[in-house]
Amino acid sequence: MRHRQHHTGTDRPGGDPVDRVGTDRHVRSDGGRPREVRDLPFDELLSLLAGGVAEAQERLDAEAVAAARSLTETTVDVVPRVTRTIDADGTVSTTTAPAEERTLLELGFEPTRYRFEEATVEVDVDAAFVDEGGSALRASTTDASTRRRVRGEVETNARLSARLRPTPLPPRTGPATGDADGPIDDRTDGGIDAD
Amino acid sequence: MPTERWLSRPVKEFVRSVAVSVAEGQEELDRRSARIQREIEREIAAGDLEYDLDASWLRFSEVEADLETTLSIEGEEIRDPDTGAVRGYRPTVVATPLNSRTRSAYDVDAEIASEIRLRIAPVPPERREP
């Protein structure tokens with residue numbers, strides 16, 4: 001997924017304007033009317049950009065949890081065993097065990113999980129130092145959007161590019177394993193057969 | 001609201017801003033993932049979820065920041081802590097972000113612009129013996 005400053009979206013018909021980063025209406029004020037914000041601290045820029053990806057991943061995880069919950073709550077009747085017997089005289093008889101209730105999870109169904117393997121956000125902004133009781137670096141798109149409207153060209157002096165990837169879980173998040181009479185592999189040294 | 005727009009500040013302030021931006025962004029990512037993980041653990045503990053799930057954790061594998069600027073060396077005052085008198089000057093590299101206003105007001109030639117480029121990447125954790 002690549003998200004650039006000049007990305008434009010469309011307003012939902014009959015609804016409030018959609019928040020769009022990099023356009024004039026990227027803040028929704030009270031009452032649903034957008035207002036323009038001149039700039040923001042450079043420190044907050046990455047949080048703002050990555051927050052969209054994080055929120056989307058949060059939604060994907062929530063759907064996976066809901067799917068897992070549904071699989072544990074949905075039950076079906078299954079016949080666990082059918083026994084076929086061949087007598088000495090060649091007669092075949094079939095014995096069906098009583099049906100038992102099983103959840104979909106017990107039957108092997110698993111929720112499908114999705115995650116962002118890679119997300120890249122790249123923005124061009126105007127960076128400037130301002131005095132806020134101590135100096136601060138601020139990022140602005142106002143000048144760029146004004147020049148785009150007036151002259152059709154855009155010049156910015158700063159670019160921030162960030163690539164997000166899933167963090168691999170540490171090995172010790174799972175339980176230690178091992179045989180009843182053998183050593184316990186707690187995965188702290190790479191495993192029993194690490195050497 | 002900012003009351004005055006400075007033109008030049010030490011380069012280290014730009015570097016600090018980028019680093020803080022990455023730190024705050026990662027903190028936001030971790031906070032969201034931790035919230036999801038806690039909700040999953042609560043549902044498992046309450047018996048509402050009979051499936052072991054882990055929340056997805058995201059991190060910045062790479063962050064690059066580029067700033068087009070002009071660089072100059074200025075003297076930063078060194079003051080006596082007792083008297084407040086100026087004892088000397090410490091050379092400091094300051095940056096003036098280039099934009100159309102800077103170029104037109106100070107007639108700065110874009111061809112002599114400098115570029116500050118930063119790249120931040122995560123450090124793999126060290127193995128710790130139990």
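Biologist: How many helices and strands are in chain A?
Modeller: Chain A has two helices and nine strands. Keep in mind that this is a predicted model.

Biologist: And what order do the elements run in, from the N terminus on?
Modeller: They go β-β-α-β-β-β-β-β-β-α-β.

Biologist: Tell me about helix 1. How many residues does it have?
Modeller: Helix 1 of chain A covers residues 45–73, which is 29 residues. From first C-alpha to last it reaches 42 Å, close to the 42 Å expected.

Biologist: Where is the kink in that helix centred?
Modeller: On G51(A), and the kink is about 30 degrees.

Biologist: Which residues of helix 1 are buried?
Modeller: Among them are L45(A), L46(A), L49(A), A50(A), V53(A), A54(A) and Q57(A). Further along, D61(A), A64(A) and V65(A) are buried too.

Biologist: What about chain A as a whole, how much of it is buried?
Modeller: Buried residues are 20% of its 195 residues.

Biologist: Switching to chain B: how many residues are in contact across the two chains?
Modeller: 46 residues of chain A touch 45 of chain B. On the chain A side, helix 1 gives the largest share, 15 residues.

Biologist: Which strand of chain B does strand 9 of chain A join?
Modeller: Strand 3 of chain B, residues 58–79, through nine bridges. The two strands run antiparallel, and L164(A) stands opposite F60(B) there.

Key
Residues numbered from 1 in each chain as written. Chains lettered and ligands numbered in written order. Predicted model: local features only at pLDDT ≥ 70, side-chain atom pairs only at ≥ 80, totals over all residues. Helix = DSSP H or I, 4+ residues; strand = E, 2+ residues; numbered from the N terminus. Expected span 1.5 Å × (residues − 1). Bend = angle between axes of the 7 residues up to and from the residue. Buried ≥ 20, exposed ≤ 12 C-beta atoms within 10 Å, placed from the backbone. Contact = placed C-beta atoms within 7 Å. Pairing = 2+ DSSP bridges.
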